[in-house]
Amino acid sequence: MDEVRHLIVGAGISGLALAAWLRDRDYLILEADAQIGGYCKTVERDGFTWDYSGHFFHFKHPDIEAWLRARMPGQAVRTIAKKTFIRYGERMIDFPFQKNIHQLPQDEFIDCLYDLYFAAQEARPGGEDNFKAMLYSRFGRAIAEKFLIPYNEKLYACDLATLDRDAMGRFFPHAELSEIIRNMRVADNASYNATFTYPRGGAIQYVNALASEVDPGRIALEEPLIAIDLTRRIARTSRREIRFERLISSAPFPRLVSITGVTYDMAAFDWNKVLVFNLGFDRKGARDVHWVYYPDRTVSFYRIGYYDNIFDSDRLSLYVELGYPRHADVDVAAARARVLEDLRRVGVIDGHQLVAEHSVLMDPAYVHITRRSLAEHKRLSRVLQANGVYSIGRYGGWTYCSIEDNIVEARALAADFNSV
Ligand SMILES: Cc1cc2nc3c(=O)[nH]c(=O)nc-3n(C[C@H](O)[C@H](O)[C@H](O)COP(=O)(O)OP(=O)(O)OC[C@H]3O[C@@H](n4cnc5c(N)ncnc54)[C@H](O)[C@@H]3O)c2cc1C
């Protein structure tokens with residue numbers, strides 16, 4: 001039987017970052033797919049460069065960004081001041097909606113302001129029990145119902161009352177009444193990602209930077225982990241059995257737990273799927289826009305992004321995202337036809353010829369963070385860790401985070417292992 005001290009599951013950002021910072025060279029990475037990168041892969045087709053879904057970067061740790069850049073020789077990285085909008089009726093409103101209600105038709109602006117004012121006056125403890133209640137309580141009925149609820153329902157594909165108040169953590173753009181009013185005079189739409197960076201060769205460049213510190217001979221592609229015997233610390237893959245001291249997994253948490261034989265509350269874990277279409281056209285579309293949110297329930301997608309305005313290139317290059325409940329049967333051909341029709345209807349394409357395309361279904365995409373999922377994740381993580389199994393990353397941690405968060409987490413865990 002094979003033996004390894006550190007068995008890492010997944011060659012995405014998290015698994016590669018862990019291996020890159022681990023001092024012990026006795027490790028093996030198992031990857032189910034034929035390529036490294038996980039959700040941070042890039043597709044090149046007919047002169048277009050696309051990620052699995054729009055992946056843009058806003059590093060908070062300069063040392064991590066510098067570490068990655070030092071391992072991307074010759075790779076131009078663009079820094080871009082974000083231009084993002086919401087399509088509301090026939091208008092384009094600056095994002096975030098709640099700070100730009102003065103751009104609405106006057107009667108709707110007054111409704112939003114009135115409800116916002118009284119929501120702030122009437123805010124009461126316990127009024128923010130869940131995500132939906134938080135939206136009503138903080139922003140009032142009009143802002144909640146015109147944008148925040150329809151948009152997030154399209155994205156999460158669930159009843160927002162089932163999500164935790166902090167389901168989006170720091171990714172949710174909060175705003176106080178005073179800030180909203182100040183923004184009407186001097187625009188300050190600063191958010192956690194007011195500027196973003198993007199490598200010429202796409203998001204995979206960051207994956208390649210991490211992989212440059214990993215021994216390629218220690219990555220086993222197309223070898224999924226299929227079972228774990230926790231007490232004997234033996235992993236079974238599609239090809240062999242491997243004895244490990246520690247197993248560090250970035251696979252989706254419910255799937256990891258299900259292959260250990262530990263009993264758990266499956267109903268605690270829910271998520272959405274996101275179908276992404278990457279579409280390349282024969283000529284340029286709108287300029288001065290990077291991505292647009294679509295709260296309108298009659299439009300199939302919730303967001304689109306313009307790669308051509310990030311690369312400053314001369315052919316319209318879009319990503320288009322659609323949210324589905326996890327049990328939905330996704331008819332990709334029907335969705336594609338609907339997307340092209342909706343793009344025409346909202347004026348994104350107008351006689352454009354589609355010349356290249358790619359699609360991918362991300363499953364899971366956004367996990368539904370609830371009190372029950374948080375409690376069950378915490379309980380099960382303790383059981384797994386007591387048997388040398390660690391679950392990390394966006395899906396191993398069952399959370400909402402960026403690739404930088406994944407690197408920070410993996411680096412800290414490697415540092416813990418390095419210190420013993
Ligand atoms: C729609 C969308 C948009 C996003 N946009 C951004 C963005 O703009 N900026 C940003 O920073 N982040 C973004 N993210 C988040 C980012 O994609 C993730 O944080 C990151 O890719 C997660 O990396 P990971 O290694 O933790 O997980 P993954 O990328 O999921 O990697 C896990 C790996 O494990 C492998 N695996 C799974 N099960 C097994 C098994 N049993 N055996 C062996 N291998 C297995 C998988 O094949 C995969 O390669 C976005 C995510 C989504 C869904």
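The following questions and answers go through a predicted model of one chain.

Visitor: What does the numbering refer to, and what cut-offs apply to this model?
Guide: Residues are numbered from 1 along each chain as its sequence is written. The model is predicted, so local features need pLDDT of at least 70 and side-chain atom pairs count only at pLDDT 80 or more, while totals for chains, interfaces and linings use all residues; side-chain values use heavy atoms, with hydrogens and water left out.

Visitor: How many helices and strands are in the chain?
Guide: Helices (H or I, at least four residues) and strands (E, at least two) are DSSP runs, numbered from the N terminus. By that count the chain has twelve helices and 18 strands.

Visitor: What percentage of the residues in the chain is buried?
Guide: Buried means under 20% relative accessible area, exposed over 50%, and partly exposed in between (1.4 Å probe, protein chains only). Of the 420 residues in the chain, the buried share is 56%.

Visitor: Which face of helix α2 carries exposed residues, and which residues are they?
Guide: In α2, residues 62–70, the buried positions are Ile-64, Glu-65, Trp-67 and Leu-68. Seen down the helix axis they fall within an arc of 160° (taken from the directions from the axis to the C-beta atoms), so they line one face of the helix. The face turned away from that buried side carries the exposed residues Pro-62 and Ala-70.

Visitor: What covers the buried residues of α2?
Guide: Contact here means heavy atoms within 4.5 Å. The cover includes one strand, β8 (195–199). It also includes the helices α1 (13–21), α6 (204–211) and α12 (403–418).

Visitor: Which residues does Ser-53 contact beyond its neighbours in sequence?
Guide: Ser-53 lies in the loop between β4 (48–51) and α2. Its relative accessible area is 6%, so Ser-53 is buried. Leaving aside neighbours within four places in sequence, its contacts are Val-276, Tyr-307, Glu-321 and Met-362.

Visitor: Which residues does Thr-298 touch, not counting residues up to four places away?
Guide: Thr-298 is in the loop between β14 (291–293) and β15 (303–306), and counts as partly exposed at 45% relative accessibility. Its C-alpha atom is 8.8 Å from that of Asp-342, which is 44 residues apart from Thr-298 along the chain. The residues touched are Arg-338, Asp-342 and Arg-345.

Visitor: Where in the chain are Lys-83 and Asp-288, and how many residues apart are they?
Guide: A salt bridge is a side-chain nitrogen of Lys or Arg within 4 Å of a carboxyl oxygen of Asp or Glu. Lys-83 and Asp-288 form one, with the closest N and O atoms 3.5 Å apart. Lys-83 is in the loop between β5 (77–81) and β6 (84–88), Asp-288 is in the loop between β13 and β14, and the pair is 205 residues apart.

Visitor: What is the phi of Asp-288?
Guide: Most residues other than glycine have a negative phi. Asp-288, which counts as exposed at 53% relative accessibility, is not a glycine, yet its phi is positive, at about 55°.

Visitor: Is Ala-157 buried or exposed?
Guide: Ala-157 also has a positive phi, near 55°, and is found in the loop between α4 (131–156) and α5 (177–185). At 19% relative accessibility, Ala-157 counts as buried.

Visitor: What is omega for the peptide bond from Asp-363 to Pro-364?
Guide: Most peptide bonds are trans. The bond from Asp-363 to Pro-364 is cis, and Pro-364 is in the loop between β17 (354–362) and α10 (371–385). Its omega is near 5°.
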